Amino acid sequence: MASPAALELSRWQFAVTAIFHMSFPALTVGLSVLLAVVQTVYVRTGNPLYQQIFRFWKKIFAVGFGLGVVAGTVMTFEFGLNWGVFAHAVGPVIGVTIGMEVITAFFLEAGFIGVMLYGEGRVKPRTMALASWMVAIGTLLSTTWILSANSWMQDPAGYTETAGQFHPSDWTEVLLNPAFTYRFPHMLLAVLISASWFVGGISAWYLVKQRRAALPLARRCLSIALGVLAVLMPVQLYLGDATAVFMAEHQPAKLQAFEGNWRTDNNGYNLLVVPDTDRGENDLRVTVPHLGAVIGHDLTGRAEVPGLLQTPPDQRPNMWSAFYGFRAMYVTALAMFATAFTGLVLRLRGRLFDSRRFLRWLVWMTPAGVLAITGGWITAETGRQPWVVYGKLRTTDALSHLTTAEAAASLAAFVLLYSALLAVWVRYIVRTVKAGPEAPSDTAAQPAPGTEAPVA
Amino acid sequence: MLEYATYALVLLALGMYVVLDGYDLGVGMLSLFARGERRREYGELIATAWDANESWLVLAGVALWAGLPGVYATVLPGVYLPVIGLLLAVILRGMGLEFQSAAAGYRRGWALLFGAASLAVTLCQGLVLGGVLSGLRQQGGSFGGGAFDWLTPYSVLCALGLVVLYLLAGAAWLQDKTEGTARERAVRAGRPLLAGTAVAALVLASDLEDADPQRFGFGEPVRAALYWSAVAGAVIAGAVAWHGFGRRPDWRPFAGVVAAQVCGLLALVAATAPVVVPPGLTLHQASSPPGSQAFLVVVVGLCMPVVFAYNAYAWWAFRGKFTPLPEAPLGPLRVRAAGPVRARPERGGLVVLVRRALLTVLGVGLAAVSQDVFGGVATWIDPVGIALLSGTALAAWIAGDRRDHRAGVFDLDRAEADPARGGA
C-alpha cells in the first residue's frame, strides 16, 4: 500500500490542478456564449460596435481557452497517474462518460476555435458566427458531461460491482444520475453567472474611468451582464438550496460538515467556527440564532441543524474545508444577489450607467463568480471525503503505486508552474483591459487609444 | 472481439495524434533554429490547429481509460515522471504559444519557451513510449514497479528517435505551408532528417526484437505478412517524401511522411498485438466489460464522421500557403443623434433613506424567497416568487435595453467623441 504522505500529496495535487483548471472554464464558457451572441448580432445588424465587442472579449477568451485546454489535459491523465486504482475501478463507467465529453465537446471546441479566432477575412462573418456557436455549444456540452461524471462519484447509480470494478448496468441511470439532475443546472448557471460578473466588472471599470473609445462597448456589455445576472441569480439561489437539500439526504455528512456543527443542538447559522476534529467540538463559534433553522425551511426557527457527530468518525469529512468552502460560496452568492437586485432597481429607475458608487462596487465584483465556484467545488469534493466514489470506494484505497518522492516532485512542479501561470494570466487580463478595445476608425483625429478622456 | 474495436479506436486516436501533433511539435522545435522575429511566424503557422491536434492525445488517453482501464492504470503510474514532464511541457508550450500570439510584437521569451517546450514534450513522449515498450512490471492489475523503471537505454533512444521524426514532419509541413526562407530551410533539412529517421527506425525496431524475442511470433504467417507489408509501405512512403523534398507540388513530402508514420505504427501493432503493455498485459485482460466498450465504440464511431468533417473544414479554411492576415480596421461607431445623456441629479434627504430602507427589506425578502425559505409552508410559494422576480428582471432588461438602444445610449456621445467638450 502506498504511504500516507504520497496520499496526502496526491490529494493536494488533485485539488491544486482541479481548482486551477476550473477557474478557466468559469470564465470561458460564459464568454463563448457572449461571443457567439455578439457575432450573430453583428452579422444581422452590421453595427461595428458588436465587432468591437467581439474582438475585445476574444483577446481574453483566446488565451483563457488555450490555457484551460492544456490545464484540462492534465486532468485527463491525472486520474490514471495518481489514482490508478480508482481509474481501474471506475474506467468502465465514468471513463466512458468523459470519453463522450472528449468526442462530442472537446473536439467540437477544438475543431472550430481556429476558425472562430483566426477566420476573419478568410471566411464569411456568417461562418464566424456559426463557428462561435459551435465553440459555445462545445463548452456547454463539456460542462454537461463533466458534471455527469462527477455527480456519479457523488451518488453512484446504474452499476454493478465485479471484482473491485464498477460495471455499467443502465446507462441512462449512470449518465442522468440523481445528483446530476440537481448539480448540473446549478453549475450551468454558475459558469454563466461568473462570466457575467467578469464582463460586468470590466465594463464598469471603463465607465468609472470614462474611457472614451470604450464607453459604448462598456454600456452595451454592462447592460447584457446585469440583465443576465438579475434573471439568473434568484434561480441560482433556489437551485443551490435544492442541491443542499438533496445532499442532506444523500450525503448527510457533507451538510453536517459545511454547516459547522458537531452536536445537533444549534438552530443558529454559523458565521465562523474553529473546529477541533479530535475532540469533536468547536473551539470557537460565531452564530446567528435561529437563522440556521430558517434557512433550513423551518420558519419557527427551532429546528436544529444536524451535527457531524451523527456520522461515525471514520466517515467524517474535514469540517474546515467544507465549512469555509461553503461560506466562500454562500457569502459571495448573497453579495451577488444583492448586487444583481440593486442593478435591477437602478435599471428600473433608469440610472444603470451613471451611479458611480454602484459601478465602483461592480469592479470589485469582477472575480466574484470564480470565487464562488471555487468555494462550491471545495465543498463538493472535500465534503464527499473520505470517499472518492461515495459510499463505495475510499480515497485511501484509490491511490496508484507511487513513491512519496514522485508525488512530492510533481506537486512542487505543478504549484510552481501554476503560480507563475496564474500571475502571467492575471497580468495579461489587466493589461488587455487597460489597453482597451480597438478604437473605431472615425476617431483618427482623437487621442490615441489608451489615453483617457478627462473625467468629469 | 470487441476489445479489438476498442484497440482500433485507441490506435486511431494515437495515429491521428502522431500525424497531427507530430508536425506542430516539429514546427515548434524548428522555430528554435529560426532567427529572431521569424520565430513568431512559426507559432502563427500552427496557431489555428494546435488545439485540435492535441485533442487526439486526450481522446487516446480517455479511450484507454474507458475501454482498456487495465492499460491506463498500469501505464500512467508506471511512467509517472515522464508523463508529468509531458503535461508540464504541454502547459508551458501552450503558455508560450498563447502569450506570444497575444502580444503585439515579437517576444523572445515566449517564442523560446514555445520552442523549448515543444522539444520537451517530444522527449517526454519518447521516454513514455520507450518506457512502455521496454516493459512495465505489473501486480494485480496495476503497476507494481519502481519510480525509474521507465529509464532504459531503449527509452532514451526512443526519445531521440521521436525528436528526429517530429522534426522531419515539421520540415515537410513547412515546405507545404510556407514560401521563401522558411521553405528553403525546411527543404534543406528534409533529406538529412529523413535519413536520420530511417536510421532511428532501424535501430529501434531491431532493439525491440532483442528486448523480448519469444513474444514476437513471426512464425505466424498473417502476422508476418502484415508486419512486412507495413514495413514495405513505410519504405515506399519514405521514398516518396525523399523525392518530394525541394520539388513541387509542395504537399508531397508531408503526405509521404504521414503515410510512413501510419505504416510504422501499424508495423509496431502487427508485431506486438494482442500484448498492449509488454511483457504480458494483453488486450483481453485489460479491457472494460462489453457494455462499456460497446457504448464507447458505437458513440465514438457515430461521432467520428462528423468530427472528421469539421476538422477537414477547418483544414480547408486555412488551406494553401500561410499568409498573415491583419484584421480589417473597425468601422466607425454610431454617434448619438440626440444630445448627451445627462445624469439626472439625485435628490437627497429622507425620501432616499426611506426608499433605500424599503428596498433593503424587499431585497432580503426576495433572497429568502429565492432560497426556498417558505418551502416548509407551501412548496409553490417560492418557485412562484422566483418566477415573478426573474420574469420582472427579464421584462425590465428587455424594455430597458430597447429604450436605451433607441435613446442612443449604446452609441458614441458627441460630448464623449470630443474630449474638449467632454469634461462637463
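I will go through the two chains of this predicted model, then their contact, then a few local features.

Let me start with chain A. There are 14 helices and six strands in this chain. Its radius of gyration is 23 Å, close to the 23 Å that the globule rule gives for 456 residues, so chain A is as compact as a globular protein of that length. Taken along the principal axes, the C-alpha atoms of chain A fill a box of roughly 75 × 50 × 40 Å. Of the 456 residues, 61% count as buried. If we take the contacts in chain A between residues at least 6 apart in sequence, 75% of them join residues at least 24 apart.

Now chain B. It has 16 helices and four strands. How does its radius of gyration stand against the globule rule? The value for chain B is 30 Å, well over the 22 Å that the rule gives for 424 residues, so this chain is more spread out than a compact globule. The C-alpha trace of chain B spans about 95 × 65 × 40 Å along its principal axes. As for burial, 48% of the 424 residues of chain B count as buried. Among the contacts in chain B between residues at least 6 apart in sequence, 76% join residues at least 24 apart.

Next, the contact of the two chains. Chain A puts in 101 residues and chain B 94 residues. On the side of chain A that touches chain B, the elements that give two or more residues include α3 (48-82), α4 (84-118), α8 (215-250) and α14 (404-435). Strand β2 (165-168) of chain A is also among them. Which element has the largest share of that side? The answer is α4(A), with 23 residues. By class, the side of chain A that touches chain B has 61 nonpolar, 27 polar and 13 charged residues.

Let me stay with α4(A) and look at one helix it meets in chain B. Two packed helices are described by the angle between their axes and the distance between the axes. The partner here is helix α4 of chain B, residues 69-78, and the axes of α4(A) and α4(B) come within 8 Å and cross at roughly 145°. The crossing of α4(A) and α4(B) is right-handed. From α4(A), the contact is made by A:Gly84, A:Ala87, A:His88, A:Gly91, A:Pro92 and A:Gly95. From α4(B), the residues are B:Pro69, B:Gly70, B:Tyr72, B:Ala73, B:Leu76 and B:Pro77. Sorted by class, the residues of this contact are seven nonpolar, five polar and no charged.

Now some local features, beginning with a hairpin in chain A. Strand β1(A), residues 159-162, is joined to β2(A) by four bridges, and the two strands run antiparallel. A:Thr162 has A:Gln165 as its bridge partner in β2(A). The hairpin has two residues between the strands, and A:Ala163 takes a positive phi near 50° there.

Two loop residues also have a positive phi. A:Gln210 is not a glycine, yet its phi is positive, about 50°. This residue is found in the loop between α7 (178-209) and α8 of chain A. In chain B, B:Asp372 is likewise not a glycine and has a positive phi of about 60°. B:Asp372 is found in the loop between α13 (350-370) and α14 (381-407) of chain B. Are these two residues buried, partly exposed or exposed? A:Gln210 has 18 C-beta neighbours inside 10 Å and counts as partly exposed. B:Asp372 has 24 such neighbours inside 10 Å, and 20 or more is the cut-off, so B:Asp372 counts as buried.

Then the cis peptide bonds. In chain A, the bond from A:Gln385 to A:Pro386 is cis, with omega near 5°. A:Pro386 lies in the loop between α13 (368-383) and β5 (387-389) of chain A. In chain B, the bond from B:Arg248 to B:Pro249 is cis, with omega near -5°. B:Pro249 lies in the loop between α9 (221-244) and α10 (252-272) of chain B.

With 17 C-beta neighbours inside 10 Å, A:Val43 counts as partly exposed. Leaving aside its neighbours within four places in sequence, A:Val43 is in contact with A:Pro125, A:Arg126 and A:Ala129. The C-alpha atoms of A:Val43 and A:Asn282 are separated by 60 Å, and these residues are 239 residues apart along the chain.

Methods. Residues numbered from 1 in each chain as written. Chains lettered and ligands numbered in written order. Predicted model: local features only at pLDDT ≥ 70, side-chain atom pairs only at ≥ 80, totals over all residues. Contact = placed C-beta atoms within 7 Å. Nonpolar A, V, L, I, M, F, W, Y, C, P; charged D, E, K, R; others polar. Axes fitted to C-alpha atoms, helices over the stretch in contact; angles between N-to-C directions. Left-handed = near helix turned anticlockwise from the far one by under 90°. Rg over C-alpha atoms; globule rule 2.2 N^0.38 Å. Buried ≥ 20, exposed ≤ 12 C-beta atoms within 10 Å, placed from the backbone. Pairing = 2+ DSSP bridges.
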